[in-house]
Number of protein chains: 2
Amino acid sequence: MKANALKKIKDIFKDRCLTDKLSRVQYSYDATQNMFLPDVVVLAENTREVSQLMKIANKYNIPVVPRGWGSGFTGGALNVKGGICLSLEKMDKVVELDLDNMMVWVEAGMVNYDLQEYVKPYGLFFPPDPSSWKFSTIGGNIAENAGGPKAVKYGVMKDWIKGLEIVLADGTIMQTGSKNIKDVAGYDLTSLLVGSEGTLAIITKALLKLYPLPEAKKTIQLAFDDMKKAAAMVNRILLSGVIPVAVEFVDKDAIQTVKNALNADLPRADAILIIEVDGSKSEVEQQTDKIKELSKKEPSIVSFKIAKTKQEEDEIWLARRSISPTLKQIADGKLNEDIVVPRSKLAEMIERLQKISKKYNLPIVNFGHAGDGNIHVNIMYHTDSKKETKNAFKAMNDVFDECIKLGGSITGEHGVGITKQDFLEKQIGKAQLELLKRIKQAFDPNNIINPAKMRL
Amino acid sequence: MKANALKKIKDIFKDRCLTDKLSRVQYSYDATQNMFLPDVVVLAENTREVSQLMKIANKYNIPVVPRGWGSGFTGGALNVKGGICLSLEKMDKVVELDLDNMMVWVEAGMVNYDLQEYVKPYGLFFPPDPSSWKFSTIGGNIAENAGGPKAVKYGVMKDWIKGLEIVLADGTIMQTGSKNIKDVAGYDLTSLLVGSEGTLAIITKALLKLYPLPEAKKTIQLAFDDMKKAAAMVNRILLSGVIPVAVEFVDKDAIQTVKNALNADLPRADAILIIEVDGSKSEVEQQTDKIKELSKKEPSIVSFKIAKTKQEEDEIWLARRSISPTLKQIADGKLNEDIVVPRSKLAEMIERLQKISKKYNLPIVNFGHAGDGNIHVNIMYHTDSKKETKNAFKAMNDVFDECIKLGGSITGEHGVGITKQDFLEKQIGKAQLELLKRIKQAFDPNNIINPAKMRL
């Protein structure tokens, strides 16, 4: 980096401009196993500073990678081409809570969980709650269009973002969207920016919709002797007019893993569904009755359980929550992807995953969000075996190929980032990829924001 | 238009290529009072034809304006710069009904009402139902991101579009989105295209989400002696966790107009709210009880009525539905705009509208969707009075200015089109307008698709 550029950056950020090796290493990794050293780390405190920084970066053609708490699974926050790591961790405050419109303006660096705690006393919550919610930021959640278990009923980030404050590559500060529930003046820039993986502009603030906390909820566990029947059941429930908050599934291998590891009292089954419903007390009652009624008609159900106490609820969720931590008992290596298929193809995809598992002789453990066809695929291998390692990556290739064949997507929640670049073109085609590149150029002509990402 | 270009177009469309004056006049207008003659009208029957057409238009630099049934309120379907009128009216079929995923692929020219009728036997419906639903097409609804009375609970078009088939300016056929409930691979082109007013690409097919028909519904009428209290009540209902399907309001002048015209038995009030709730029978019961309970605590309510029969329901809705047709009794001229403000600013905006009415000595009648701050403003004037006509347009200017000052939008449903171009920059600013232009260029470098629209 040119010395005078660095000097100008230091003038803006003073002691919040970090150039020592230790700091740069601290900001060089995320939840992938990749590591790229930024040339400099800056900790922005307000939008004006971000704007000033972008003007310098744009002038001197220095890559800028925005970053929250670095919890991403696809390398989105990594300075692959060096340059500036722009951390928004200090921009973590609520700017305005608007109870009348049930909306809140927050800074991009605010942690999802902190927001939830902030609005809870007002009887409100922010529905998108990715598993990382205790440490991932709203800005990162927006950049990746994060989901979470509640997506069946409440949707994903893009359904809850009303507007953004952004800084363009040339330093222009701009507000997209508004508090208006309907607003069709101009293109929907807000939706375009959600899920753009921090490549189009720097998101500095966000206007979020909130929702009244439900009065009650209930957890139900259904065990099936046939995965296909479990998947079909999900559709039958939704078609009946019951929209659960969450419909999670755990496959046979995942059940076995948890049984072995925890000595857990889990039903012998091909698949388990865990369903959560919420709403007013009577709504919850009614939804539970409907699911019970539908279950009685389904002969493949080998066990039906409604949690009556908080403890029983926790026990049911334990099976789901324990999978990731117990996977290490199978093997030390894990390739973990978040493919998604149309809900109707869920059972078929699971069958194909089982075939791939046999082909490469590697355990593949699957669980995830049955309500929206989102499967967390875990290919297990021993890292000290070259053959297993090579096969694991080959198997993952096959997984993406089969997923795309079924009309699925290579990513439901985690983004493309730097780790799935090779598969993006396979999914969307060359012409569409070229169009994305032209859109990126419309925002960032010199390609300085996250220049290594998404093959853009 | 060059003769060889026209010849090539005729070769594709044969007798579906219309060049006679009468046909061109038939396709020269929409629901505005504007009229622009296209040079040629083509009636496409499939996507391949659209692609072939675009290649020719792009090569010879001929403007192309896509068109459904021409019901738009802002001139979106008008060939302002002549060229080709591309009618999609013959592409009006269901391509695939996917019950398992509760989705449907339809051609862009399908009329919204026809789709509703098609899916009803399966116990499903498509929630967005703009007032024009009996004659407006899905393609047009998507281009304008249309809303409708049900938007409070069910949202607008963009909430129900999962994917699109589009044809780019250069003839490239492309599919955006997928049946995957979550899909974050690449930028969200689908959302960008929804509401782009037919300026970025030609939409030929759409993948729509469907929803189970509710079991029951109920209509409630609340009359207030204070418009502000009525607006506050809307928020209180929503904060209580009750999300009605529709919350419509009728202001004092609108009540008076309907009373005079129909001799209707309407309460003497400053404002009337009409609320519809839906869901299972018990949900509807519970929501109605909640609204009743909240209403008892509000002293400004002068009348409370729950429809017990279909006839009573119709009577309540009559007040709302009769406003537009009865307005002519006030004056023959009407400027009708669909501004929107944050829900919390609704009462304030109504007050400002009343001031503008006094300033120009013209009646302004307001009604609309209180649940989402969307006001249909009707400025009434006598067309034979030059002074009133001039003042009506001045008043409309003031309306937009005041709306923008309150953080509102110049359009909640109808789009910017050619009629509100002067106000778009006022609302979103010059920098954002420039960005929109660059995005348009990324899709359509020669600016042949709807070249006169949105100052792009």
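Colleague: What makes B:Lys217 and B:Glu313 a salt bridge?

Modeller: This is a predicted model, so bear that in mind. The closest N and O atoms of B:Lys217 and B:Glu313 are 3.7 Å apart. The cut-off is a Lys or Arg side-chain nitrogen within 4 Å of an Asp or Glu carboxyl oxygen, so the pair qualifies.

Colleague: Which parts of chain B does that pair tie together?

Modeller: B:Lys217 sits in strand β12 (residues 216-224) and B:Glu313 in helix α11 (residues 310-326), so the link joins parts 96 residues apart in sequence.

Colleague: And are those two side chains buried or exposed?

Modeller: They get separate labels. Buried means under 20% relative accessible area, and exposed means over 50%. B:Glu313 has 12%, so "buried" it is. B:Lys217 has 46%, which falls between the cut-offs, so we say partly exposed.

Colleague: Why is A:Lys440 called buried?

Modeller: Because its relative accessible area is 3%, under the 20% limit. Its salt-bridge partner is A:Asp444, with the closest N and O atoms 2.7 Å apart. A:Asp444 is buried too, because 1% is also under 20%.

Colleague: How do you know that B:Glu434 and B:Lys437 are about one turn of the helix apart?

Modeller: Both lie in helix α15 (residues 430-443) of chain B, three residues apart.

Colleague: What about the two chains: why say they are related as by a two-fold rotation axis?

Modeller: Chain A can be laid on chain B by a turn of 180° and a shift of 0.0 Å along the axis, with an RMSD of 0.0 Å. The copies are thus related as by a two-fold axis. The same surface serves both, with 100% of chain A's contact residues recurring in chain B.

Colleague: How much area is buried between chain A and chain B?

Modeller: About 6,000 Å², of which carbon and sulfur atoms give 60%. A:Lys182, A:Val184 and A:Tyr187 supply 17% of what chain A buries against chain B, more than any other three residues.

Colleague: What makes B:Lys158 and A:Asp188 a salt bridge?

Modeller: Their closest N and O atoms are 3.5 Å apart, and the limit is 4 Å, so the pair counts. There are six salt bridges between chain A and chain B.

Definitions and conventions. Residues numbered from 1 in each chain as written. Chains lettered and ligands numbered in written order. Predicted model: local features only at pLDDT ≥ 70, side-chain atom pairs only at ≥ 80, totals over all residues. Heavy atoms only, no water. Least-squares fit on C-alpha atoms with pLDDT ≥ 70 in both. Contact = heavy atoms within 4.5 Å. Buried area = accessible area lost by both parts, 1.4 Å probe. Buried < 20%, exposed > 50% of the residue type's maximum accessible area, 1.4 Å probe, protein only. Helix = DSSP H or I, 4+ residues; strand = E, 2+ residues; numbered from the N terminus.
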